[in-house]
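Please read them beside the sequence and the structure.

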Amino acid sequence: MSLARNTLVQSSLTLVSRLMGLARDVLLTARVGAGPVGDAFYTALMFPNLFRRIFAEGAFAQAFVPVFARTLEADGEHEARTMAQHTLNTLFAATAALTIAAQFGMSWILLVIHGGYAGDQVHFPYAVTLTQITMPYLTFMAVAALLSGVLNTFSRFVLSAGAPTLLNACLIAAALLGENPMETARYAAVAVAIAGLLQTLVLFWGVRRQGVKLGLGLPRLSKPVRKVIAIAVPGAIAASATQINIIVSQSLASFEQGAKSWLNVADRLYQLPLGLVGVAVGVAILPRLSRAARSEDSEGGAQTMDEGLSLAMALTLPAAAALMAAPYFLVDGFFTRGAYLDSDARMTAIALFHFAWGVPAFVLIKVLAPAFFAREDTVTPMRFALVAVALNTALGAGLFIWLRQNGNPGFPGLAIATSTASWCNAALLAFSLSRKEIYTPGPLLRARLVRIALATAAMAVVLIYLRMERDTLESALYGSKELAVLVFCVVGGIVYAAAALLFGAVRPRELAGALKRG
């Protein structure tokens, strides 16, 4: 399949998952709100979301796929299956042990990531209980990541992209249960663990359909397993820098009541383009980059990177511009109802604006990192990721404290630090690829990016006008803010598509050709 076609498959299923995720968060925020209960629940949810994004959304697969693909090509299916089996057993044993240990040490762990509530004798123990319930999701996601990597090697993206919808389906069902916010949050935590089991079972079934029969057994640190670990661990750290930055932000946010909930809702909205574009393109280009690296086809690898970056920026820049143009309009339209108040929406909008200008960097990291992973170099991206984490921690803590000392909410500083650190990470990746003569953007890509920027600017002008005329727009739509947001999004999409065609950012003939099977 072509890059665009693979990306379309991945993005289409991710879109379903993200829209379901938006629906689940709308329901949960309305039932749970943005107070101590909401902060406790989002702390518990942060663990499975973190590992879903690190493992299920490509980081582990990006490290595992090149090794599995190379073994499959060089040594045959039997050796590849043996390597996958040994890796699965070791991975399951390690994550299961970590999950069990965390159950006993959860109170100390939450002193680090939820320390602002340490003196609350009701909501801190409640957060500990919820996180203990969700923690098994780590083990399920680790197994699911390996199974997804096997499927992606065979160019089967449907199940790996569609499995996360099970989490959202379970949480939507849980959001309808409970007599009060604490009961609803507890049901939702149980739903997370159930969803992890279901996802793993579905992916096991998918792998068996490919003729690769894997099961659980005793761990064995064979040579191939040690090689996978050596590559996968730094690769996972490198690809998860954004998520580590979010953990740092959430830890500081616990010292400001409601901030965790505000950041989580903002995270839901800006993660939409990241999941649809960055993750999808990163997963789709990795097998092609791996083949190009093995055959020393530098021209083919550069063309793949140009295509990936062009496609990613064509979809990411307008999304980021829309989030920056009307953050409160979007948050209020989607989330303000029930226990989630207008004041919560206004705080969330501040965080969303500052996350939004970092969205292109979040996506660039997902697209640039596979160029290293394809060469089994996961150490270099890991070093850059650690630099970004250090920058995010120092800048986030500094801004958080400075803003609060000046009588302002501190949480916007956390969003600013996350976006700044991500741009630093993306710049280091791009500079290193160029310095090592692995990849430099071609002239056609540079020209295409200018056209994309012009089309995005045209769309942004229209969206800012719609935001300014929001009252008029809602009046014409029977006072419905939900319909107003829908019209806002549709009009923005139409204007960008027209401008992209006008400025030549996208050409119908090229798009049709890209979507054909390779």
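Does Lys481 count as buried, partly exposed or exposed?

1. Lys481 counts as buried, at 17% relative accessibility; the cut-off for buried is under 20%. This is a predicted model, and the values in these notes are computed from it.

2. Lys481 meets Asp332 in a salt bridge between their side chains, at 3.7 Å from N to O. Asp332 lies in helix H14 and Lys481 in helix H21 (residues 481–503), so the pair ties together parts that are 149 residues apart in sequence.

3. Asp332 also forms a salt bridge with Arg470, and here the closest N and O atoms are 2.5 Å apart. Arg470 belongs to helix H20 (residues 470–476) and Asp332 to helix H14, so this pair links parts 138 residues apart in sequence. Arg470 is buried, with a relative accessible area of 12%, and Asp332 counts as buried at 7% relative accessibility.

4. Within helix H14 (residues 327–335), Asp332 has a further partner to note: its side chain makes a polar contact with the side chain of Thr336, at 2.8 Å.

5. The count of salt bridges comes to eight. One of them joins the side chains of Asp342 and Arg346, at 3.0 Å from N to O. Both residues lie in helix H15, four residues apart, about one turn of the helix. Asp342 counts as partly exposed at 33% relative accessibility, and so does Arg346 at 46%. Elsewhere, salt bridges with shared partners join Asp332, Arg470, Glu474 and Lys481 into one network.

6. Helix H15 (residues 342–356) also holds Ala351, which is buried with a relative accessible area of 0%. Ala351 and Phe411 are 60 residues apart in sequence, and their C-alpha atoms are 7.4 Å apart in space.

7. Helices H4 and H16 can be checked by their spans. Helix H4 (residues 77–113) has 37 residues, yet its end C-alpha atoms are only 43 Å apart, short of the 54 Å that a straight helix would reach. H4 bends by about 75 degrees at Gly105. For the 15 residues of helix H16 (residues 359–373), the end C-alpha atoms are 22 Å apart, which agrees with the 21 Å they should span. In H16, 15 of the 15 residues are buried, so this helix is largely enclosed by the rest of the structure.

8. A nonpolar surface patch of about 400 Å² is made by Val190, Ile194, Leu197, Leu198 and Leu201. Ile194 is placed in helix H9 (residues 181–209) and counts as partly exposed at 45% relative accessibility.

Conventions: Residues numbered from 1 in each chain as written. Predicted model: local features only at pLDDT ≥ 70, side-chain atom pairs only at ≥ 80, totals over all residues. Heavy atoms only, no water. Patch = residues over 30% accessible without salt bridge, like charges linked within 9 Å, V, L, I, M, F, W, Y side chains within 5 Å. Areas by Shrake-Rupley, 256 points an atom, 1.4 Å probe, with all protein chains shown as cover. Salt bridge = Lys/Arg side-chain N within 4 Å of Asp/Glu carboxyl O. Helix = DSSP H or I, 4+ residues; strand = E, 2+ residues; numbered from the N terminus. Buried < 20%, exposed > 50% of the residue type's maximum accessible area, 1.4 Å probe, protein only. Expected span 1.5 Å × (residues − 1). Bend = angle between axes of the 7 residues up to and from the residue. Polar contact = N/O pair within 3.5 Å; in protein donor to acceptor, adjacent residues only side chain to side chain.
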